[in-house]
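Subject: Structure for you to look at

Hello,

Here is the structure I said I would pass on. Please open it first, then read the notes below it.

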Amino acid sequence: MNLQSHFEPHILKCRTGDWEHAKRVVSWIKELAGNREDLNLLVIAGYIHDIGWSGLVPQGRKLSRDELLKFQPRADKQTNTLVKSVLSGFSLTQSEINKILRLIKATETYEATQEDEMILVDADNLSKTSPEHVKEKYVKSDWLSICDLYEEKLPQRIKTEKGKKLFLVKLAELRKKLEKELEL
């Protein structure tokens with residue numbers, strides 16, 4: 001079964017931009033994880049880590065920073081139920097499903113303590129440094145406010161050595177590109 005085609009319809013029910021974000025997260029997972037034995041489970045978690053946003057925000061509506069912070073707890077609350085439902089069609093053991101749930105929980109709490117959690121959390125946060133991420137998801141008037149939030153919260157969440165080398169550079173590039181676009 002093609003993972004991307006299986007998960008796409010589910011993630012398209014989430015916030016505007018979540019599907020594009022999920023694909024970027026998976027790309028970062030592959031870069032950070034190398035040839036890990038559990039790469040497939042990390043990829044699954046990468047595709048569906050934001051599934052809790054399903055149905056919370058009307059499609060096509062971009063969020064403000066305040067709305068992001070307001071809706072996040074509701075999204076986190078419905079994640080486990082939606083993950084279990086989406087994974088029911090897969091031949092996964094309960095242990096594998098539990099691992100995927102644990103990985104996704106790390107993206108919600110930002111408390112990555114195991115290497116696999118660190119990879120997923122770093123991939124999620126590195127994806128957020130893409131200018132497309134901010135443009136797809138947030139109202140233009142809040143772009144720099146989102147950068148402020150990222151600069152305040154995200155650096156301490158990065159755990160892998162490769163992530164640490166890349167993140168601050170990517171974050172600075174994000175601000176510069178958005179500031180330039182806002183000047184136009």
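In helix H4, the residues Asp76, Thr79, Asn80, Val83, Lys84 and Leu87 meet Ile97, Ile100, Leu101, Ile104 and Glu108 of helix H5. To meet here is to be in contact, that is, to have heavy atoms within 4.5 Å. By class, this contact has six nonpolar, two polar and three charged residues. Ala, Val, Leu, Ile, Met, Phe, Trp, Tyr, Cys and Pro count as nonpolar, Asp, Glu, Lys and Arg as charged, and the others, Gly among them, as polar.

This is a predicted model: local features need pLDDT of at least 70, side-chain atom pairs count only at pLDDT 80 or more, and totals for chains, interfaces and linings use all residues. Residues are numbered from 1 along each chain as its sequence is written, and side-chain values use heavy atoms, with hydrogens and water left out.

Two packed helices are described by the angle between their axes and the distance between the axes. An axis is a line fitted to C-alpha atoms, for helices over the stretch in contact, and angles run from 0 to 180 degrees between N-to-C directions. H4 covers residues 65-87 and H5 residues 94-109; their axes come within 11 Å and cross at roughly 150°. H4 and H5 are therefore roughly antiparallel to each other (angles under 35 degrees count as roughly parallel, over 145 as roughly antiparallel, 65 to 115 as roughly perpendicular and the rest as oblique).

Now the whole chain. The secondary structure comes to nine helices and zero strands (DSSP runs numbered from the N terminus: helices are H or I, at least four residues, and strands E, at least two). The radius of gyration, taken over C-alpha atoms, is 16 Å, close to the 16 Å that the globule rule gives for 184 residues, so the chain is as compact as a globular protein of that length. The rule is 2.2 Å times the number of residues to the power 0.38.

Regards
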